[in-house]
Amino acid sequence: SGPTHPSASTPAPADTVAGLLAEISRVGADTHRGGYSRPVFSTAELDLRAWFLAHAAKRGLDVETDRNGVIWAWWHTPVGGTANAVVTGSHLDSVPGGGAFDGPLGVASALVALDFLQAEGLRPERPLAIAVFPEEEGSRFGVACLGTRVLTGAIDVNLARGLRDQNGDTFAEVAARSGFDPTLLGPDPEALARIGTFIELHVEQGRELIDRHQAVGIGSSILGHGRWRLSVTGQGNHAGTTLMTDRHDPMIAAAGIVMAIRDTARAQPGARATVGRLEPVPGGTNVIASRVDLWLDARHPDDAVTASVVATILAEARLIAAAEGCTVQLTEESVSRTVSFDTGLRDHLSLLLPDAPVQHTGAGHDAGILTQYVPTAMLFVRNPTGVSHSPEEYVEDDDAEAGALALARVLADLLVP
Ligand code: GLV
Ligand code: MN
Ligand code: MN
Ligand code: MN
């Protein structure tokens, strides 16, 4: 399809961010956990991709889903082409039982920001694309920001292809079932080279904007973080016939390890460590588990400190497990180092949005991967609960519109330098 000119005189769709979020919220509600569960390439996530494509088409954008499952919706310059593009967007996958805003807010705001620009009759001198990245949360295949890691080559593609979901299906198999050729998954230097500037708008996942009485903030840096699986192996046995003195129960070791993780992080200023997922195998009420897998999420501004926190945890875990006659194995699943956003771009955003505080975040984002390759910035929108990765995550309608307006201001400035 040919370039769509901004002068095309379709009236701007009368969508609001809140209206778009209401549409998104019809998809993927999790009646069991509460909130929304939209693993990448699930029916819910695929339905939201289709929803996005329809909204992009309605705005006259040229849409393309690339070989890695990234959606690009292009608003072309009058001369066409994709070089030095301004790209904005976020993700539509969610954590299990997540909130309505983490990911979708950035996608909905991008559409509404574009509406503002089209309604103003802005004639961009650079192309604009809205991007939707797959598997930002790493909820299905374990690696956070898998889409941008594959696109940039930050993860070895053979390793990525073999990542398994909870059903044991690999990323390659699931991608194939979703209509992608698994042999074509991999680094896409051409797609990356098109990005001149990347801006991700995201719901705030903390309280800073509440405290500062501001609707919108500007990102400065992202706390380094990683995920490790600890597999504690003992002896599976019968809950009724096995004396309490005669057990090698990995669940007991796991309980001690969870406490040790908390204590280790508390002893290290600035560290955060969490066990949010634990799986006993085989998982029966009357069965002493043979193995317990638990997942450690650890974060600290200094990557060397994160590594030493994990090393301390592993050493403690070995002792705790040995006391139960169990063993522990540690596997790194994904690591993201501490990153800062482009300072020139950030300062420029501060000039455009003088009231917006500049803030650091403890949450990971595709912007954290992309900033290692292209000038990248983030905008945050106030969350009055301060809670995220939970159904309690929230954004007021007025703040959502203020976010989209701020994004539009930034995009307009970048598009017409
Ligand atoms: C993703 O949201 C993360 O920070 O884990
Ligand atoms: Mn998230
Ligand atoms: Mn997110
Ligand atoms: Mn994230």
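**Notebook: annotated site, domains and ligand shell**

I began with the UniProt record, an unreviewed entry, which lists His91, Asp102 and His202 under "binding site". These residues span 112 residues in sequence, yet no two of their C-alpha atoms are more than 9.7 Å apart, so they gather at one spot. I note here that the model is predicted.

**Entry on His91.** I looked up where His91 sits and found it in strand S3, which covers residues 85–91. Is His91 buried or exposed? I counted 29 other C-beta atoms within 10 Å of His91, and 20 or more make a residue buried, so His91 is buried. I then listed its contacts, leaving out residues up to four places away in sequence: His91 touches Gly103, Val132, Phe133, Glu136 and Asp366.

**Entry on Asp102.** I placed Asp102 in the loop between S3 and helix H3, the helix being residues 104–120. Asp102 has 27 other C-beta atoms within 10 Å and is therefore buried. With residues up to four places away in sequence again not counted, I found that Asp102 touches Ser94, Val203, Ser388, His389 and Glu393.

**Entry on ligand 1.** Which residues are around ligand 1? I found Glu137, Ala144, Ala363 and Gly364 there. I sorted this shell by kind and got two nonpolar residues, one polar and one charged.

**Entry on domains.** I checked the domain assignment, which divides the protein into domain 1 (17–223 + 338–415) and domain 2 (225–336). The two domains have their C-alpha centres 33 Å apart. I looked at where they meet: nine residues from domain 1 and nine residues from domain 2 take part in the contact. On the side of domain 1 that touches domain 2, I found three nonpolar residues, six polar and no charged.

**Entry on the whole protein.** I counted 13 helices and 15 strands in the protein. Its radius of gyration is 23 Å, close to the 22 Å that the globule rule gives for 417 residues, so the protein is as compact as a globular protein of that length. I also took the extent of the C-alpha trace along its principal axes, which is about 80 × 45 × 35 Å. Of the 417 residues, 46% count as buried. Last, I looked at contacts between residues at least 6 apart in sequence and found that 77% of them join residues at least 24 apart.

Terms used. Residues are numbered from 1 along each chain as its sequence is written. Chains are lettered from A and ligands numbered from 1 in the order in which they are written. This is a predicted model: local features need pLDDT of at least 70, side-chain atom pairs count only at pLDDT 80 or more; totals for chains, interfaces and linings use all residues. A residue is near a molecule or strand if its C-beta atom, placed from the backbone, lies within 6 Å of it. Ala, Val, Leu, Ile, Met, Phe, Trp, Tyr, Cys and Pro count as nonpolar, Asp, Glu, Lys and Arg as charged, and the others, Gly among them, as polar. Domain bounds come from an automatic or database domain assignment. Two residues are in contact if their C-beta atoms, placed from the backbone, lie within 7 Å. UniProt positions are given in the numbering used here, feature names are shortened, and annotations may be inferred rather than shown by experiment. Helices (H or I, at least four residues) and strands (E, at least two) are DSSP runs, numbered from the N terminus. A residue is buried if 20 or more other C-beta atoms lie within 10 Å of its own, exposed if 12 or fewer, and partly exposed in between; C-beta atoms are placed from the backbone. The radius of gyration is taken over C-alpha atoms; the globule rule is 2.2 Å times the number of residues to the power 0.38.
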